[in-house]
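Dear colleague,

Please find below the structure that I am handing over to you.

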Amino acid sequence: MNSQAMELFMAYLSSNEINPDVIDEERGIIRVGFRLKNTSVSLFMYFEDEDKYAHIEGRNFVNIPSNQIDKIFKICNDLNDSYRWVKFVWDPNANDVCCRCDAVVQLDSCAEEMYELMARMSTIIDEAYPEIMKGLWG
């Protein structure tokens, strides 16, 4: 796969001194890790074949002990009610809370759009982290 959107976004990240990891060039997947105020996060960006759609997943920002998994469904529901740009889900296959966002992109603006969505998701995850901890342990 030669995703022009992925290449444009990677060039934009490089110009902002962010070095993404190419996870799977054939499938159009890259990763960027950030240290945030309250946690750290791995953001995975997926670019569709047609360069019209993109998907971002935030992962590895919270550890849920196995004896607390039953609480995470209400926490995700409450977070989804609070934030409109992303959705929080429990991924049982990865045993992880995941933050997701989908976007329709255009090649002439996809780099800036994806950067904005990446920044927005990072901010939301950082804001949500204390709420997740409060829900688990409060």
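Predicted model: local features only at pLDDT ≥ 70, side-chain atom pairs only at ≥ 80, totals over all residues.

Six strands make up an open, antiparallel sheet, and their order across it is β1-β2-β3-β4-β6-β5. The edges are taken by β1 (21–24) and β5 (87–91); each has a single partner strand, so one side of each has no neighbour in the sheet. From one strand to the next, the twist averages 30°.

Strand β4 (residues 53–59) runs antiparallel to strand β6 (residues 96–104), and six bridges join them. Within this part of the sheet, G58 has C99 of β6 as its bridge partner.

The helices

Helix α1 (residues 4–15) lies across β1, β2 (29–35) and β3 (40–47), at about 25° to β2. With 12 residues at 1.5 Å a residue, α1 should span 16 Å, and this agrees with its end C-alpha atoms, which are 16 Å apart. Which residues of α1 are buried? They are A5, M6, F9 and L13. Viewed down the axis of α1, the buried residues fall within an arc of 95°, so they line one face of the helix. Their cover includes β2, β3 and α3 (110–137). After α1 comes E17, which has a positive phi near 60°.

Helix α2 (residues 69–82) lies across β5 and β6 and runs at about 165° to β5.

A residue in β3

S40 belongs to strand β3. Its relative accessible area is 30%, so S40 is partly exposed. Leaving aside neighbours within four places in sequence, the contacts of S40 are F34, R35, N60 and F61. Between S40 and I124 there are 84 residues of separation in sequence, while their C-alpha atoms are 12 Å apart in space.

Salt bridges

How many salt bridges does a search of the whole structure find? It finds eight. One of them joins the side chains of D91 and R59, at 2.7 Å from N to O. Because D91 lies in strand β5 and R59 in strand β4, this pair ties together parts that are 32 residues apart in sequence. D91 counts as buried at 12% relative accessibility, and R59 counts as buried at 12% as well. Both residues belong to a network of salt bridges that links E57, R59, D91, D96 and R100.

Two further pairs lie within helices. In α2, the side chains of K74 and D78 meet in a salt bridge of 2.7 Å, N to O; these residues are four apart and therefore separated by about one helical turn. K74 is exposed, with a relative accessible area of 55%, whereas D78 counts as partly exposed at 37%. In α3, R120 and E116 are likewise four residues apart, or about one helical turn, and their closest N and O atoms are 2.9 Å apart in a salt bridge. Here R120 counts as partly exposed at 24% relative accessibility, and E116 counts as partly exposed at 41%.

Yours sincerely

How values were computed:
Residues numbered from 1 in each chain as written. Heavy atoms only, no water. Pairing = 2+ DSSP bridges. Helix = DSSP H or I, 4+ residues; strand = E, 2+ residues; numbered from the N terminus. Axes fitted to C-alpha atoms, helices over the stretch in contact; angles between N-to-C directions. Contact = heavy atoms within 4.5 Å. Expected span 1.5 Å × (residues − 1). Buried < 20%, exposed > 50% of the residue type's maximum accessible area, 1.4 Å probe, protein only. Arc of directions from axis to C-beta. Salt bridge = Lys/Arg side-chain N within 4 Å of Asp/Glu carboxyl O.
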